[in-house]
Amino acid sequence: QLSCLLRMVTLHGIPEDLDSYPKDLLLFLSPSDYAATGSCSQYFSNIGEANLDILPRESPQRKQLLLEALACLKVPGTQITEGNAEILGHLLCDLGGEYIRSSGGILLKDLSQCESFLPDQEEAIRDVISSGNTTFGPPAAWSAFTLRELSGLIPVFDHNILQEIPK
């Protein structure tokens, strides 16, 4: 329905008020089409607010969106900055384990908003948390506030992490 709606909206070209349309609609528009009305970082900022689960998790379309977002933001290597994390929004949930490890604790709070994780993402999250090199510090120093901040990641914690958290 959304791809059909997009065809209707763009029948006579890309409307200048495209940002006022539902963000989910943009999932079916390519960044190059959007470029006529704004920057690619604005496009991916809007995509980051969309419901990505409209597209299947491992779908080529969703993978392509992430690749194009990383290219647009000129992400060197696998390290995501706080600014880029803010633009990527929900697209962060599709980052591979290497990005999570390289970016350290910067992504933890944002990742806690994700619905689910792939095994390599879970392992990377555990590695980052176990290192203690995050703004939250090592699990032994966590408070109830920290656990609330990271509540979406609790299912990923292994026995070693859980054992360190103060009662």
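Ser112 counts as buried, at 8% relative accessibility. Buried here means under 20% relative accessible area, exposed means over 50%, and partly exposed lies in between (1.4 Å probe, protein chains only). The model is predicted, so local features need pLDDT of at least 70 and side-chain atom pairs count only at pLDDT 80 or more, while totals for chains, interfaces and linings use all residues. Residues are numbered from 1 along each chain as its sequence is written, and side-chain values use heavy atoms, with hydrogens and water left out.

Ser112 sits in the loop between α7 and α8. Helices (H or I, at least four residues) and strands (E, at least two) are DSSP runs, numbered from the N terminus. A polar atom of the Ser112 side chain lies 3.2 Å from the backbone oxygen of Glu149. Beyond its neighbours within four places in sequence, Ser112 is in contact (heavy atoms within 4.5 Å) with Glu149, Leu150, Gly152 and Leu153.

Cys114 is buried, with a relative accessible area of 7%. Its disulfide partner is Cys93, and the two sulfur atoms are 2.0 Å apart. A disulfide is a pair of cysteine sulfur atoms within 2.5 Å. The link of Cys93 and Cys114 is left-handed, with -90 degrees about the S-S bond.

The structure holds two disulfides. The other joins Cys40 to Cys72, with an S to S distance of 2.0 Å. Here the link is right-handed, with 90 degrees about the S-S bond. Cys40 belongs to helix α3 (residues 40-49) and Cys72 to helix α4 (residues 60-72). These cysteines are 32 residues apart, and the pair again links distant parts of the chain. Cys40 counts as partly exposed, at 30% relative accessibility. Cys72 is buried, with a relative accessible area of 14%.

With the bonded cysteines of the protein numbered in sequence order, the pairing reads 1-2, 3-4.

Technical notes. A polar contact is a pair of N or O atoms within 3.5 Å; within protein, one must be able to donate a hydrogen and the other to accept it, and residues adjacent in sequence count only if both atoms are side-chain atoms.
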